[in-house]
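Me: I have a model open and would like to learn how to read its features. Could you take me through a few of them?

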Amino acid sequence: MALTPHFRSVAHASVDYALTLALRDRVLRHPLGLYFTPEQLEAESDEFHLTAWDDNQLLACLVLKPVDAFTVKMRQVAVQENLQGQGIGKKLVAYAETFAREHLFKTMVLHARESAIPFYLAQGYELYGEAFTEVSIPHRAMRKNLD
């Protein structure tokens, strides 16, 4: 049976936000031996938390952090492990781009893990700058004009 995801933002510190933390922790943080600190979680209070759902099941999530009046940074993109490669991440990123445009952002930036670069290139993002290490693994800066 095919999933028909629907997308929405969730409030910081809500029950649904806690579900996104569990997913991000399991998919992105634990494999690197990293854990959220209270300070990191508090810093997310002014960020947008976007999600993909099938009924009441959280499928995927990401965070949008405003950089300035025209730029927003996409980060912490996580898809349930058993659902990766099924297009849910692609649809969530498209939703995030629409959401960002509606909030008058002109550029989306991100730091992509090397393994995720092909995914973002396929969504129209471009590489810029040199490779760097973040959270102990190689990353590249990427961006997309939202106009």
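Me: Which residue with a positive phi follows helix 3?

Reply: Happy to start there. Most residues other than glycine have a negative phi. Here leucine 104, with phi near 70°, follows helix 3; helices (H or I, at least four residues) and strands (E, at least two) are DSSP runs, numbered from the N terminus. A word on the source: this is a predicted model, in which local features need pLDDT of at least 70 and side-chain atom pairs count only at pLDDT 80 or more, while totals for chains, interfaces and linings use all residues. Residues are numbered from 1 along each chain as its sequence is written, and side-chain values use heavy atoms, with hydrogens and water left out.

Me: Where is aspartate 55 found, and is it buried or exposed?

Reply: Aspartate 55 sits in the loop between strand 2 and strand 3, and its phi is positive, about 55°, although it is not a glycine. Aspartate 55 is exposed, at 63% relative accessible area (buried means under 20%, exposed over 50%, partly exposed in between, with a 1.4 Å probe and protein chains only). Serine 136 also has a positive phi, near 75°; serine 136 belongs to the loop between strand 6 (126–134) and strand 7 and is exposed at 58%.

Me: What does the side chain of lysine 144 make a polar contact with?

Reply: Its partner is the side chain of glutamate 97, at 3.1 Å. A polar contact is a pair of N or O atoms within 3.5 Å; within protein, one must be able to donate a hydrogen and the other to accept it, and residues adjacent in sequence count only if both atoms are side-chain atoms. Lysine 144 lies in strand 7 (residues 137–145) and is buried, with a relative accessible area of 17%. Glu97 is among the buried residues of helix 3.

Me: How many residues line the largest pocket?

Reply: Rolling a probe the size of a water molecule over the atoms shows where empty space is left. On a 1 Å grid over the protein atoms alone, a pocket is an open set of points where a 1.4 Å probe fits, with protein on both sides within 12 Å along at least five of seven lines; lining residues have an atom within 4 Å of a point. Here 36 residues line the largest pocket, and Leu28, Arg75, Gln76, Val77 and Arg113 lie nearest its centre. Strand 4 gives the largest share of that lining, seven residues.
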